[in-house]
Amino acid sequence: MLMDVAAESVIILRGEDGALRAFANVCRHRGSRLCSAESGHGKDLVCPYHGWTYGLDGSLRSARHMPPGFDAAAHALKQVHISVIEGLVFISFAAEPLGLSHVHATLRSCYGPYGWAQARVAHRERYAIAANWKLAVENYLECYHCAPSHPEYSRLHALEQPAPRIEALNRRMRERSLALGIDIPEHNHWVGSETGEEAVYGFRYALYDGVATGSADGALVAPLMGRFAAADGGATSVHLGPASFLLAYPDHGVIYRFIAETAARCALEVIWLVRGDAREGVDYDRERLTWLWRVTSEADKRIIEQNQLGVASRYYEPGPYAPMEHNTRRYVAWYLREIS
Ligand code: FES
Ligand SMILES: [Fe+2]
């Protein structure tokens, strides 16, 4: 499959040896993009321009009419760092990528109980947003806007409650989880590149009493995942690096990827996960599964775009963050440190 970020395009593929690899989607001859289809199958990669042909391991297999002495081995596709953790694929463009040991520990303890490594993708949706990507991320990071902007979400998730009230609800959630034999510790490793590690931050929060998952009526919409024998009335969230956010319910998972495009445009990709053996139309209905985060993401797109229009005004002056926006404040401070 292809993954595009700003001007870069990456080919992620599984070779005949079963290994996942990532390559820059740039031909080693004159630089054409090799792949344009978002996904596909094949035995090799043939450049559409002059026909150079690469193996699935990135090696250059043939280059038409090149002179004797041409060194094919020196013209393999450029590899991009790739790692797989709990079924999630991570790539890095850095020459020396940040470490992922905190990420690994957080994902294992947060999503191991949900069996994410055995999950499969049930649906993907991409939202084009006419706003800078950082405004979109700021919006994702706080639930101060949930009550006015997301009535569907706010009926179900206690995250829209200010600190003292949500703490009591979270205590009850933790008791229910422990009764199911599920003990997910809170992780707060939101560090920075000066430690050599990718930033990651995990936390759990309660759903309201009687709510099992993020769905129209709070009832389960897919088979329970992993070690969950019943719903625990909680959700598990992980913030990962600058633009990736994960959310697990006992019956499905949701991944949010914010994709920077230009200074004034970004995209949000939302990916829904279900248990690996769940069958569409039998074990779950795609419309019911995806309803909540579709209506919520459509609302977010609207409010982020309105926000972008407002901050472009000569009259815009940043106002103070509310206490419920603590994650946004932390993120902005981290981002400024990272780029300084
Ligand atoms: S640019 Fe790919 S073969 Fe020439
Ligand atoms: Fe939102």
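Of the 340 residues of the protein, 32% count as buried; a residue is called buried if 20 or more other C-beta atoms lie within 10 Å of its own, exposed if 12 or fewer do, and partly exposed in between, with C-beta atoms placed from the backbone. The model is predicted, and local features need pLDDT of at least 70, side-chain atom pairs count only at pLDDT 80 or more, and totals for chains, interfaces and linings use all residues. Residues are numbered from 1 along each chain as its sequence is written, while chains are lettered from A and ligands numbered from 1 in the order in which they are written.

I begin with the overall layout. The protein is divided into domain 1, residues 2-79, and domain 2, residues 99-339; these bounds come from an automatic or database domain assignment. Taken over C-alpha atoms, the centres of domain 1 and domain 2 are 35 Å apart. The C-alpha trace spans about 75 × 55 × 40 Å along its principal axes. The radius of gyration, taken over C-alpha atoms, is compared with a globule rule of 2.2 Å times the number of residues to the power 0.38. For 340 residues a compact globule would have a value near 20 Å, and the protein, with 22 Å, agrees with this.

The protein has seven helices and 15 strands; both are DSSP runs numbered from the N terminus, helices being H or I with at least four residues and strands being E with at least two. Residues count as being in contact if their C-beta atoms, placed from the backbone, lie within 7 Å. Of the contacts with a separation of 6 or more, 63% are between residues 24 or more positions apart.

Next, the interior. In soluble globular proteins, nonpolar side chains tend to be buried together. A nonpolar core here is a set of buried Ala, Val, Leu, Ile, Met, Phe, Trp, Tyr and Cys residues joined through C-beta atoms within 7 Å. The largest such core has 61 residues, and Ala136, Tyr256, Phe258, Leu273, Val274 and Tyr284 have the most contacts inside it. Strand β15, residues 265-274, gives the most to this core, with six residues. Which residues does leucine 273 touch, not counting those up to four places away in sequence? They are Trp116, Ala119, Arg120, Val121, Ala122, His252, Gly253 and Ile255.

One loop residue deserves a separate word. Aspartate 232 sits in the loop between β11 (200-206) and β12 (234-240). Is aspartate 232 buried or exposed? With 25 other C-beta atoms within 10 Å, aspartate 232 is buried. Its contacts, leaving aside neighbours within four places in sequence, are Met173, Arg176, Ser177, Leu180, Ile182 and Pro250. Although aspartate 232 and methionine 173 are 59 residues apart along the chain, their C-alpha atoms are separated by 6.6 Å.

I turn now to the strands, where two are said to pair if DSSP finds at least two bridges between them. One open sheet of three strands has the order β1-β2-β3, with antiparallel pairing. β1 (2-5) and β3 (20-24) are at its edges, each with a single partner strand, so one side of each lacks a neighbour in the sheet. The twist from one strand to the next averages 25 degrees, with axes taken as lines fitted to C-alpha atoms, for helices over the stretch in contact, and angles running from 0 to 180 degrees between N-to-C directions. Four bridges join β1 to strand β2, residues 8-14; leucine 2 has isoleucine 11 in β2 as its bridge partner.

A further open sheet of three strands is ordered β4-β5-β6, again with antiparallel pairing. Its edge strands, β4 (44-46) and β6 (60-62), each pair on one side only. On average, neighbouring strands of this sheet are turned by 35 degrees against each other, direction ignored. Strand β5, residues 53-55, is joined to β6 by two bridges, and threonine 53 stands opposite serine 62 in β6.

Strands β7 (residues 81-85) and β8 (residues 88-92) pair in the antiparallel sense over five bridges, with isoleucine 82 bridged to isoleucine 91 in β8. They form a hairpin with two residues between them.

Finally, two residues with positive phi. Glutamate 86, in the turn of that hairpin, has a phi of about 50 degrees and is buried, with 20 other C-beta atoms within 10 Å. Histidine 65, in the loop between β6 and β7, has a phi near 55 degrees. Histidine 65 is exposed, with 7 other C-beta atoms within 10 Å.

Conventions: Contact = placed C-beta atoms within 7 Å.
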